[in-house]
Amino acid sequence: MRASSIPFDEKDPARSRVDRLIWRGGLQLGADDSRFGGWSDIRVDAGNKRATLISDRGGAMELGLDFDGTLKGVGPARIGDLIGPNGRAFDDNRNADAEGSARLPDGGFVVSLERRHRILIYPPSDPPFARSPRTLSAPPGFGDVPNNGGMEAIAALPDGRLLVFVEERPWGFVGGDKGWIKFEYRAGEGFKPVGACVLGDAAIVLERSFGWAGFATRIVRVPLTEFREGARVAGEELARLRAPLAIDNFEGIDATKDASGRDLLWLIADDNFSFLQRTLLVCFELT
């Protein structure tokens, strides 16, 4: 693993805040392994010592974190493959496009995939994703969803249900094995939902836009009570990131607490295996 610190604002090194976010450190990551890259979601353990990442080419990685209130570096990492219900790694990228993840109460994981729109439920294992998952069908109505615009974001709710956001349609779903309810999600103008997690009694949604000025990120808070059948959900904007702030193709988000009980938000950027983009791991305190 390689990790180098990045500034929050390339033009103002003293800056440490945007809207309701306070900078708690950021890193540009790299590795020689050809599977490194394309990280589309992140889950950080309760002690802020280890992160679990998934990639849109069927990869998975556990990464040690050097965090003492500030993200200073990374520790040892191990990288491998997600496996399918047949117990083997995916042999076709169309089957391996993992976009969203959530940690389940039993220590397992749920992963949402697009192109072939579906959800995989992984039982607990060490390392994660080492045991065969079971398949949960996508919510109804996915027949006309673009291959590359499906369930980009998924989160596990306290009551055991799953919360899903669709990138290329203004749709969201709550449910699971017992069925789904559908709501309308209204992202910011020009933005689309690409990541989600739960913080207390609310969902934190990560939205992304891309244009001539590059990437922009919007972070939104939505009370869990808003997610009802037929509801129109917009949420409260917490922050917006764009150049010259530390920015790239942020697709994954998670929430934890530090040793003092303050809320932390972790973001991971998908470099699309391109030398024009960066794998960024950043941490903020949410005020």
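Phe-210 is exposed, with a relative accessible area of 59%, in a predicted model whose local features need pLDDT of at least 70, whose side-chain atom pairs count only at pLDDT 80 or more, and whose totals for chains, interfaces and linings use all residues. Residues are numbered from 1 along each chain as its sequence is written, and side-chain values use heavy atoms, with hydrogens and water left out. Exposed means over 50% relative accessible area, buried under 20%, and partly exposed in between (1.4 Å probe, protein chains only).

**Aromatic pairs**
- The structure holds 16 aromatic pairs, counted where ring centres of Phe, Tyr and Trp (its six-membered ring) lie within 6.5 Å; planes under 30 degrees apart are stacked, over 60 edge-to-face and the rest tilted.
- Phe-109 and Phe-129 make a tilted pair, 5.0 Å centre to centre with 45 degrees between the planes.
- Phe-109 belongs to strand S9 (residues 109–113) and Phe-129 to the loop between strand S10 (118–122) and strand S11 (134–137), so this pair ties together parts 20 residues apart in sequence; strands are DSSP runs (E, at least two residues), numbered from the N terminus.
- Phe-109 and Phe-129 are both buried.
- Phe-210 and Phe-215 are also tilted, at 4.6 Å centre to centre and 45 degrees between the planes.
- Phe-215 is buried, with a relative accessible area of 18%.

**Cluster and charges over rings**
- One aromatic cluster is formed by Phe-142, Trp-171, Phe-173 and Trp-180.
- The charged end of Lys-182 sits over the ring of Trp-171, 4.0 Å from its centre; the criterion is NZ of Lys or CZ of Arg within 6 Å of the ring centre and within 35 degrees of the ring normal.
- Arg-57 has its charged end over the ring of Phe-273, 3.9 Å from the ring centre.

Methods:
Helices (H or I, at least four residues) and strands (E, at least two) are DSSP runs, numbered from the N terminus.
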